[in-house]
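Welcome, and thanks for taking a look at this one with me. Here are a few points to read alongside the model.

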Amino acid sequence: MNLLKQRILSDGQCLDNGTLKVDNFINHQMDPALMMAMAQEIANRFENKGINKIVTIEASGIAPAILVGYLMQVPVVFAKKNVPSTMEHMISTPVFSFTKKRCYDVGISRNFLSADDHILFVDDFLANGNAAMGIIDIANKAGAQIAGMAFLIEKGFQNGRQKLLDMGIHIESLAIIKSLDNCTITFE
Ligand code: 5GP
């Protein structure tokens, strides 16, 4: 998606640990017009796939997810982080956070995910696929089907895509970064 790629080039900053900082238009300050354009692109790519629910993980996935849900006219559920194991009706799984370098439990209530659901997972980044694998585990425990996964930005030099493709998941990413080497952003 050219609009997003241009914005990454003009406003994205690469950190030397393979992280792309986009907190002036996605992760902290948000650009609603760009966010809506990205949501429209995702909704178009997953049209007529029988999706009845959007799933994301708090916090950065919520903004794109709610817009995709609005456009596709389906509910949006976000997995909560640091779910106490005592919380009732929760389906939870441990996820390793790429940015925080630690593991935390994420969970979704059984009230909002069931075997009737065909979900589209929406998130800001795909890196090593840990967040996505966590959602696959939760969906499996709920008996829900994963119809696809959509990411605003994929870091193609990490192995998330391969893990998801190996599981037969349909992935769409709006911008795929080939390299951040020498702090130069290059796209695939
Ligand atoms: P994964 O679970 O695929 O390894 O990493 C994806 C998650 O980590 C995303 O939800 C995102 O919040 C965060 N993340 C991974 N890489 C980056 C990055 O380069 N920049 C930012 N801002 N977040 C990232």
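1. T93 touches Y104, D105, V106, G134, D137, I138 and K141, leaving out residues up to four places away in sequence; touching, or contact, means heavy atoms within 4.5 Å. The side chains of T93 and D137 are also joined by a polar contact of 2.6 Å (a pair of N or O atoms within 3.5 Å, one able to donate a hydrogen and the other to accept it; residues adjacent in sequence count only if both atoms are side-chain atoms).

2. A word on the source: this is a predicted model, where local features need pLDDT of at least 70 and side-chain atom pairs count only at pLDDT 80 or more, while totals for chains, interfaces and linings use all residues. Residues are numbered from 1 along each chain as its sequence is written, and side-chain values use heavy atoms, with hydrogens and water left out.

3. Is T93 buried or exposed? T93 is buried, at a relative accessible area of 5% (buried is under 20%, exposed over 50%, partly exposed in between, with a 1.4 Å probe and protein chains only).

4. T93 belongs to strand β5, residues 90-97 (strands are DSSP E runs of at least two residues, helices H or I runs of at least four, numbered from the N terminus). Eight bridges join β5 to the antiparallel strand β6, residues 102-109, and S92 stands opposite G107 in β6. Strands pair if DSSP finds at least two bridges between them.

5. Follow the open sheet of eight strands in the order β5-β6-β4-β3-β7-β8-β9-β10, with mixed pairing. β5 and β10 are at the edges with a single partner strand each, so one side of each lacks a neighbour in the sheet.
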